[in-house]
Amino acid sequence: MNYTTRLAELGVTLPDAPAPAANYVPFVKAGNLVHVSGQISSGPDGFIIGKLGADMDADAGAQAARSCAISLLAQVKAACDGDIERLVRVVKLTGFVNSTPDFGDQPKVINGASDFLVEALGDAGRHARSAVSAASLPFGVAVEIEGIFEIR
């Protein structure tokens with residue numbers, strides 16, 4: 001599968017990889033693995049903010065998680081010197097959901113990222129995953145996701 005073509009079919013153009021907001025690097029290559037720092041939910045109008053279970057529902061959270069997945073792929077593309085076709089597979093995602101103590105649909109929220117990656121990458125998008133609640137996230141964003149990717 002050609003990832004660039006598939007992303008275009010989905011109407012997705014990978015943005016420039018977001019710059020880190022503090023004293024860390026956006027990704028680290030270790031052998032054939034790329035560890036991508038947490039990517040926060042954002043859209044054309046800036047950060048996607050909200051607290052699941054208070055002022056945001058799971059469907060809106062899933063859209064926020066999808067935005068994180070797009071940023072993750074942008075970082076992988078940067079790690080591959082601009083060639084996303086070097087991506088072999090998504091290995092693992094860890095998703096953090098800004099949610100109230102009684103909100104229990106973190107997996108449904110992070111499915112927004114997982115479903116997008118499988119839709120965009122086919123079997124190479126299938127991955128191990130964790131979906132956890134967070135009392136708050138940077139800038140009040142709804143979702144943050146980090147990932148591990150295999151490249152060639």
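This is a predicted model: local features need pLDDT of at least 70, side-chain atom pairs count only at pLDDT 80 or more; totals for chains, interfaces and linings use all residues.
1. Five strands form an open sheet in the order 1-2-7-5-6, and their pairing is mixed. From one strand to the next, the twist averages 15°.

2. Strand 1 (residues 27-30) and strand 2 run antiparallel and are joined by four bridges. Ala-30 has Leu-33 in strand 2 as its bridge partner. Two residues lie between the strands of this hairpin, and Gly-31 takes a positive phi near 65° there.

3. Strand 2 and its other neighbour. Is strand 2 (residues 33-40) mostly covered or mostly uncovered? Six of its eight residues are buried, and the strand is thus described as mostly covered. Strand 2 is also joined to strand 7 (residues 143-151) by six bridges, and these two strands run antiparallel. Within this pairing, His-35 is found opposite Ile-148 of strand 7.

4. Strand 5 against strand 7. Nine bridges connect strand 5 and strand 7, again in the antiparallel sense. Here Val-90 faces Phe-149 of strand 7. As a general point for the student, side chains in a regular strand alternate between the two faces of the sheet.

5. Helices on the sheet. Helix 2 packs on the sheet and touches strand 1, strand 2, strand 5 and strand 7. The direction of helix 2 makes about 35° with that of strand 7. Helix 3 lies across strand 5, strand 6 and strand 7, and runs at about 160° to strand 5.

6. The nonpolar core. The largest nonpolar core has 38 residues, and the members that touch the most others are Leu-73, Val-109, Phe-116, Leu-121, Val-143, Ile-145 and Phe-149. Two or more residues are given to this core by each of helix 1 (3-9), strand 2, helix 2 (58-79), strand 5 (87-98), helix 3 (106-121) and strand 7. Helix 2 provides the largest share, ten residues.

7. The aromatic pair. The structure contains one aromatic pair. How are the rings of Phe-47 and Phe-139 arranged? Their centres are 4.8 Å apart and their planes meet at 10°; the cut-off for stacking is under 30 degrees, so the pair is stacked. Phe-47 belongs to strand 4 (residues 46-47), whereas Phe-139 lies in the loop between strand 6 (128-134) and strand 7, so the pair ties together parts that are 92 residues apart in sequence. Phe-47 counts as partly exposed because its relative accessibility is 42%, and Phe-139 counts as exposed because its value is 54%.

8. The cysteines. How many disulfides does the structure hold? The number is zero. Cys-68 is in no disulfide, and the nearest cysteine sulfur, that of Cys-80, is 20 Å away. A disulfide requires sulfur atoms within 2.5 Å. Cys-68 counts as buried because its relative accessibility is 0%. Cys-80 is likewise buried, with a relative accessible area of 1%.

Methods. Residues are numbered from 1 along each chain as its sequence is written. Side-chain values use heavy atoms; hydrogens and water are left out. Buried means under 20% relative accessible area, exposed over 50%, partly exposed in between (1.4 Å probe, protein chains only). Two strands pair if DSSP finds at least two bridges between them. A nonpolar core is a set of buried Ala, Val, Leu, Ile, Met, Phe, Trp, Tyr and Cys residues joined through side-chain atoms within 4.5 Å. Rings of Phe, Tyr and Trp (its six-membered ring) pair if their centres lie within 6.5 Å; planes under 30 degrees apart count as stacked, over 60 as edge-to-face and the rest as tilted. Axes are lines fitted to C-alpha atoms, for helices over the stretch in contact, and angles run from 0 to 180 degrees between N-to-C directions. Contact means heavy atoms within 4.5 Å.
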